[in-house]
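Here is a short briefing on one protein chain. Please look over the sequence and the structure before reading the points.

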Amino acid sequence: MTRAMDLLYLSRSYRRFSFGQQAANPPSRFLNDVPAHTKRPYGSTGRSYAEAAAAPSMFENVEPAEDSMWSAGDRVAHPKFGPGVIVSAQKNGSDVEYVVAFETAGTRRLLQSYAKLVPA
């Protein structure tokens, strides 16, 4: 912030994934310290936090994955999370997102390209 000459863009996420669950992400308390006369919302119309938190998620209406290595019910193992069961597989851009219920680590969302899942 100290090096901004003309413009400074401050951003934050309205929602985030925490422990495999989608959760609202409140704004930082430090944003209240920015003088009101210097703030303006990005874009043509600003949304309130309540409006943004209630907006549909980008993960809703995701197509089922056709090129998935795994399908619901398959038993898999992860190097860190251990054994688990595939709950669902959905297309996420050019990748596949798995929801996996691990025996000791709970439910996690993992991308096929990074997950390093093996048969259990």
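This is a predicted model: local features need pLDDT of at least 70, side-chain atom pairs count only at pLDDT 80 or more; totals for chains, interfaces and linings use all residues.

The protein chain has 120 residues. Two helices and seven strands make up its elements.

**Fold and chain totals**
- From the N terminus on, the order of elements is β-β-α-β-β-β-β-α-β.
- Buried residues make up 21% of the 120 residues in the protein chain.
- Among contacts in the protein chain with a separation of 6 or more, 42% come from residues 24 or more positions apart.

**The β5 and β6 pair**
- Strand β5 covers residues 95-102, and strand β6 covers residues 106-111.
- The two strands, β5 and β6, pair in the antiparallel sense. Six bridges join them.
- Three residues lie between β5 and β6, and the two strands form a hairpin.
- Within this pairing, Glu97 stands opposite Leu111 in β6.

**A nonpolar surface patch**
- Met1, Leu8 and Leu10 form a nonpolar patch on the surface.
- Leu10 sits in the segment before β1, the strand of residues 15-18.
- Leu10 has a relative accessible area of 46%, so Leu10 counts as partly exposed.
- Patch members need over 30% relative accessible area, and Leu10 has 46%.

Methods
Residues are numbered from 1 along each chain as its sequence is written. Side-chain values use heavy atoms; hydrogens and water are left out. Helices (H or I, at least four residues) and strands (E, at least two) are DSSP runs, numbered from the N terminus. Buried means under 20% relative accessible area, exposed over 50%, partly exposed in between (1.4 Å probe, protein chains only). Contact means heavy atoms within 4.5 Å. Two strands pair if DSSP finds at least two bridges between them. Patches are made of residues with over 30% relative accessible area and no salt bridge: like charges are joined within 9 Å, nonpolar side chains (Val, Leu, Ile, Met, Phe, Trp, Tyr) within 5 Å. Accessible areas come from the Shrake-Rupley method with a 1.4 Å probe; for residues, only the protein chains shown count as cover. A salt bridge is a side-chain nitrogen of Lys or Arg within 4 Å of a carboxyl oxygen of Asp or Glu.
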